[in-house]
Amino acid sequence: MAESSIRRRPVPQRNPLDDAQSKVLTDRFRQILSTKRMTELSTRSVLSRSGSPAPSRDFSSPIPSRQPSNASPPSYTSLRNIPLVPTEPKDAKSLRFKNMLHSLSNMPVKWENPGLLDEALLSVPLEQIYNEAEEESQVLQAEAESLGNGKKAAWGYQDCVVRALLRWFKRSFFQWVNNPACGKCGCPTIGVGMAAPNPDEQARGAAQVELYKCSYEQCQEYERFPRYTDAFVLLQTRRGRVGEWANCFGMLCRAVGSRVRWVWNSDDHVWIEVYSLHRKRWVHIDPCEEAWDKPRLYTEGWNKKLGYCIAFSADGAMDVTRRYVRNPSLHANERSRAPEAVVLFIMDEIRAMRRQNLAKQEKFRLEGEDMRENRELRQLVVSSITAEVCKMFPDALYQNSSRSDPDAQKAAEARQNEAAERIRRRAEGGHGNPNPQNPHDQGRH
Ligand SMILES: [Zn+2]
């Protein structure tokens, strides 16, 4: 599989394009994207190319509701990176979790339909998005150059394409729905339960339909809210809650040529990651929040605890919880659905399944990428713990180190490095609590 950034567009002409010209250009981009996608997909037989993606009747709601708390104590071993031996799930509970993860892992695979992705782009104002991306990437480039020292721009062109797509999607395209307004009079509605999908809704893949009743006395019409799980259907309905948002936006990121992940979270949330070729790492995106690269949003921003954050793509699966939970002692939710060694096994299993038809070289490349990401995730936790400890003992680190005294300063630095090293060893060895509660850390946000 080729890296899927689209080719950098030539610098736009300064004279304004007339309509005909811009249409020709837009058509050409569509063509380039389409051809690129076909080439990409024909080189990987991992996916069925026939027909449209099957309507998803296998799991109606993309976000299973939170399971009741389990009596066993929370286990954060995977966060601590104890080398675990992947272990096959045997007990009923682990097997349930395995089946659930396998089922969830299908979501991004359903996006891999070149014909439908081409069609999806017809809903996107590509010309506007490419212009915005071009402009932003030039600004970032100029900023980097002004800093000198061969500084690299913060984001690359394809990142800027996805950022522009995100702005458009959130501001002009997709609509958030709690209770849908009455279709007849526009008044607010009240939820009255669930209804069976009618044949049309069923044909479009809705397994669940929420039913609402108009609150206006003279109207009393019923309003249906089918929960569609087919990203291509969502292009027409253009509304929903977090599941619909992530599903439709993830598909559109794929349509503009990015590598995409669908991230499932066990605490009732779901979001997207896109691979940045420029930064050589996965970038968090929450389309509902128009959030780009803000992985601490849920924990430090919303003060939520997160259990599992599992990223699925068409060619892999990864437990990315450490990207989102930097301080496990404050923000880790319990992970009791299966032993950590079993979770590793399930991840390996899904990865192997997604890659079974890939060329050896491609598999090798993806494995390298997984290893780099694991290193990155480990590093995130280690630096976060180090920062916590430095906040806990600022006096010990700095009290005696007068800035004018290089020796004292050096000693303080050595102590700091030593502390960091101790924490790193502990985080990697998994002994003791890696994250002492920090009383000074309350109410940071
Ligand atoms: Zn009404």
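Modeller: Let's start with Cys185, which counts as partly exposed because its relative accessibility is 35%; the class lies between buried (under 20% relative accessible area) and exposed (over 50%), using a 1.4 Å probe and protein chains only. Note that this is a predicted model, where local features need pLDDT of at least 70, side-chain atom pairs count only at pLDDT 80 or more, and totals for chains, interfaces and linings use all residues. Residues are numbered from 1 along each chain as its sequence is written, and side-chain values use heavy atoms, without hydrogens or water.

Biologist: Which residues coordinate the zinc ion?

Modeller: Donors are N, O and S atoms within 2.8 Å of the metal (3.2 Å for Na, K and Ca); water is not among the atoms, so sites may look incomplete. Here the SG atoms of Cys182, Cys185, Cys214 and Cys219 coordinate the zinc ion at 2.3 Å. Their spacing along the chain is C-x2-C-x28-C-x4-C.

Biologist: Is Cys219 buried or exposed?

Modeller: Cys219 counts as buried, because its relative accessibility is 15%.

Biologist: Which residues have the most contacts inside the largest nonpolar core?

Modeller: A nonpolar core is a set of buried Ala, Val, Leu, Ile, Met, Phe, Trp, Tyr and Cys residues joined through side-chain atoms within 4.5 Å. The largest one has 69 residues, and Leu101, Met251, Trp262 and Trp264 have the most contacts inside it. Apart from that core lies another, of 13 residues, including Trp271 and Tyr324.
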